[in-house]
Amino acid sequence: MDSLTLIQPDDWHVHFRDGEPLATVVRHTAQRFGRALVMPNLVPPVTAVAEARSYRARIMAAVPDFPDFNPYMSLYLTPRTTAADVLAAAQDPQILGFKLYPAGATTHSEAGVAKLEGIYPILEAMEQCGVALMVHGEVTQAEVDIFDREKAFIDDHLAPITERFPELRITFEHITTREAVAFVRACGPRVAATITAHHLLYNRNALLVGGIRPHFYCLPVLKRERHREALVEAACSGDAKFFLGTDSAPHPHGRKEASCGCAGCYTAYAAIELYATAFDRAGALHRLEQFASISGARFYGLPVNDRTITLRREQVPTPDSFPFGADRLIPLTAGETVAWRLYGSSGDDRPSR
């Protein structure tokens with residue numbers, strides 16, 4: 001198959017940052033996706049409805065030539081979040097839910113939650129109001145090996161939450177292990193998971209073999225090959241519990257290639273093309289539309305998009321960098337080629353890059 005037309009996909013987990021860099025990264029997402037669920041871990045974090053509305057306006061101002069692009073927003077769940085905050089979020093159709101970051105788990109997570117049991121009253125309010133919980137699922141205790149932190153989070157926190165709040169809609173974000181796949185499958189229909197392109201394409205050798213490669217460093221980190229294989233099987237299975245969320249996370253070149261580099265892989269520049277590569281390698285291109293365009297929308301109670309995109313099998317060089325404010329942004333496949341090219345939506349035959 002050398003050409004593939006899909007219902008326009010959505011990205012249900014993306015980081016845009018703020019300020020001048022928005023112009024580059026939002027455009028990459030808007031070229032490919034009809035909708036995006038935007039993460040709230042700015043500095044300071046987006047914790048209130050008014051802040052989310054303001055941030056959304058800045059996002060839309062960055063791409064005036066994509067008026068149909070629809071960013072949905074999330075709020076940062078903190079120990080100070082109140083039931084009134086939950087109710088306000090439930091009343092705004094552009095806000096889908098709250099993002100839970102265990103304190104210290106990833107980039108800009110300092111404002112996150114240290115004691116998860118302390119937010120149980122807020123989770124109860126979210127369950128009652130129909131507001132979704134998006135979870136970065138890792139523990140942060142120093143004694144827990146970094147490759148085991150997702151499984152520990154499932155056992156210590158996520159399993160008790162799903163049992164205590166069975167009607168709470170939960171998205172287990174950017175899962176990385178076969179244990180996470182099994183857990184999501186064992187839960188009821190209100191628990192689902194996003195999977196990134198980089199976790200489908202790479203195992204931890206990409207990060208560590210031949211030297212440390214900082215642009216493959218993300219959290220949760222890349223895992224063993226058996227975990228990557230489990231993710232590919234889940235994504236390509238047609239199971240509606242698994243859907244697309246890039247976790248594309250831009251960082252300035254100087255903060256990635258540093259003595260203590262930031263966590264995050266930048267993939268928005270070729271996101272759907274990278275997913276197509278993973279599905280193609282698995283012999284499952286016929287399942288890409290379900291994963292990328294249908295399952296996430298239905299999980300969040302939204303209609304699928306009414307436009308299409310077309311992918312054609314072409315070798316497309318990746319630039320060494322993109323402008324990122326006063327710095328540069330290094331894409332994941334910098335200097336390499338991507339095996340698919342995106343063409344415009346709904347009959348527009350022009351290449352998007």
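Which residue of β8 is the bridge partner of F172? The partner is A193. The model is predicted, with local features requiring pLDDT of at least 70, side-chain atom pairs counting only at pLDDT 80 or more, and totals for chains, interfaces and linings using all residues. Residues are numbered from 1 along each chain as its sequence is written, and side-chain values use heavy atoms, with hydrogens and water left out.

Helices (H or I, at least four residues) and strands (E, at least two) are DSSP runs, numbered from the N terminus. Two strands pair if DSSP finds at least two bridges between them. Strands of a sheet pair through backbone hydrogen bonds, either parallel or antiparallel.

The parallel sheet is open and has eight strands, in the order β2-β3-β4-β5-β6-β7-β8-β9. Its edge strands are β2 (11–14) and β9, each of which pairs on one side only. From one strand to the next, the twist averages 30°. Axes here are lines fitted to C-alpha atoms, for helices over the stretch in contact, and angles run from 0 to 180 degrees between N-to-C directions. Within this sheet, β7 pairs with strand β8 (residues 191–195) in the parallel sense, over three bridges.

A three-stranded open sheet is antiparallel, in the order β1-β10-β13. β1 (3–7) and β13 (337–343) each have a single partner strand, so one side of each is left without a neighbour in the sheet. The twist of this sheet averages 35° from one strand to the next. Strand β10 (residues 308–317) is joined to β13 by six bridges. R312 faces R341 of β13 across this pairing. Helix α12 packs on the sheet and touches both β1 and β10. The direction of α12 makes about 25° with that of β1. Contact means heavy atoms within 4.5 Å.

Is Q8 buried or exposed? Q8 counts as buried, because its relative accessibility is 4%. Buried means under 20% relative accessible area, exposed over 50%, and partly exposed in between (1.4 Å probe, protein chains only). Leaving aside residues up to four places away in sequence, Q8 touches R32, F33, G34, S293, N305, R307, T308 and I309.

Helix α12 also has a helical partner. Two packed helices are described by the angle between their axes and the distance between the axes. Helix α11 (residues 271–281) and helix α12 (residues 288–299) pack at about 145°, and their axes lie 10 Å apart. On the α11 side, the contact is made by I272, Y275, A276 and F279. On the α12 side, L288, F291 and A292 take part. By class, this contact has seven nonpolar residues, with no polar and no charged ones. Ala, Val, Leu, Ile, Met, Phe, Trp, Tyr, Cys and Pro count as nonpolar, Asp, Glu, Lys and Arg as charged, and the others, Gly among them, as polar. An α-helix has 3.6 residues a turn, so residues three or four places apart point the same way.

Helix α11 is mostly covered, with nine of its 11 residues buried. The buried residues include E273 and T277, as well as L274 and A278. Just after α11, G283 takes a positive phi of about 65°.

Two loop residues other than glycine also have positive phi. H174 has a phi of about 35° and is found between β7 (170–172) and α6 (178–186). The relative accessible area of H174 is 2%, so H174 is buried. For D247, phi is near 50°. D247 lies in the loop between β9 (242–244) and α10 (253–256). D247 is likewise buried, with a relative accessible area of 8%.

One joins V43 and P44, with omega about 0°. P44 lies between β3 (35–38) and α2 (49–62). Another joins L219 and P220, again with omega about 0°. P220 lies in the loop between α8 (205–208) and α9 (225–235).

The structure holds two cavities of 30 Å³ or more. A cavity is a set of points, on a 1 Å grid over the protein atoms alone, where a 1.4 Å probe fits but cannot get out; lining residues have an atom within 4 Å of a point. The second largest cavity holds about 70 Å³ of space. Of its 13 lining residues, H215, K256, G264, Y266 and I330 are the closest to the centre. The lining comprises eight nonpolar, four polar and one charged. Grid points are joined across faces, edges and corners, and a volume is the space filled by probe spheres set on the points.

Methods
1 Å grid on protein atoms, 1.4 Å probe; cavity = no way out; pocket = protein on both sides within 12 Å on 5 of 7 lines; lining within 4 Å.
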